[in-house]
Amino acid sequence: MSDQALLTLDDLRVDFHTPTGIVNAVRGLSFTLGRERLGIVGESGSGKSMTGRAILDLIPHPGVVTAKRMEFRGQNLTTMDKRARRKLRGRHISMVMQDPKFSLNPVQTVGDQIAEAYRVHHKASAREAKERSLAMLEAVQIREPQRVYDLYPHEVSGGMGQRVMIAMMLIAEPEILIADEPTSALDVTVQLQVLKILDDLVTSRGMGLIFISHDLHLVKSFCDRVIVMYGGKAMETLPASELDKAQHPYTRGLLGCLPDLDHPREKLATLNRDPAWLA
């Protein structure tokens with residue numbers, strides 16, 4: 001990991017003020033991100049996606065984001081105005097959403113959408129934007145990029161749609177990519193292909209990656225460090241290679257829920273004897 005942190009969060013909080021009270025979606029989360037692959041795991045509702053959206057200033061009303069410190073390369077994001085945050089979003093920090101079907105514009109070709117993402121952040125002609133878009137489609141290992149450029153989102157498969165999303169988010173060459181469960185809607189074979197593309201591009205460009213997932217096996221094999229979240233809080237932070245040695249009862253409980261085909265009865269007996277992870 002680089003000595004200089006790309007992103008620093010200290011006591012990040014995301015609260016939703018509703019008629020029935022305040023919902024604390026993220027409660028005091030702190031971490032730094034360098035040029036590394038940082039995994040954030042936890043069950044649904046643990047605050048993983050809210051963390052990514054808070055970094056990008058995408059929390060909708062009535063959500064309120066506060067932090068003692070939220071910095072990108074020394075720039076204070078908490079005091080930055082909306083216009084400056086918009087310039088930062090996409091150009092320096094990008095986010096790949098979970099399902100391309102809900103993220104891509106259905107009435108615009110995928111090529112035009114990638115080209116638009118490039119032209120928003122760079123003063124470029126339509127011809128240059130198209131050339132860069134075709135090169136980016138090739139970089140995410142899409143065959144016949146010229147043909148795919150002219151397709152609409154409903155004409156591409158789930159795996160191809162996710163590659164299009166990655167191409168769109170990386171064409172502006174951001175320093176940080178937030179990937180919010182980018183492979184959850186894909187089959188295992190396509191998952192591995194998409195992860196390899198992400199790994200190659202992040203490594204070759206020296207980027208920081210926040211990889212949000214509920215798949216412990218995937219995070220262990222793909223990330224450098226892991227933050228385990230529950231109820232909006234970080235339960236444990238540890239190297240991904242040492243995930244099996246986690247000490248927190250909640251992390252142990254998550255690991256205990258994973259199938260073990262070699263010792264199914266022993267695992268069930270262990271969970272029944274030690275319910276501390278439910279506390």
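Visitor: Which residues of helix 4 are called buried?
Guide: They are Ala129, Ser133, Leu134, Met136 and Leu137, where buried means under 20% relative accessible area, exposed over 50% and partly exposed in between, with a 1.4 Å probe and protein chains only. The model is predicted, so local features need pLDDT of at least 70 and side-chain atom pairs pLDDT 80 or more, while totals for chains, interfaces and linings use all residues. Residues are numbered from 1 along each chain as its sequence is written, and side-chain values use heavy atoms, leaving out hydrogens and water.

Visitor: Why is Asp11 called buried?
Guide: Asp11 has 16% relative accessibility, which falls under the 20% limit, and therefore counts as buried. Asp11 is found in strand 1, residues 7-18, a strand being a DSSP run of E with at least two residues and a helix one of H or I with at least four, numbered from the N terminus.

Visitor: Which residues does Asp11 touch?
Guide: Not counting residues up to four places away in sequence, Asp11 touches Gly28, Leu29, Ser30, Thr66, Ala67 and Lys68, contact meaning heavy atoms within 4.5 Å.
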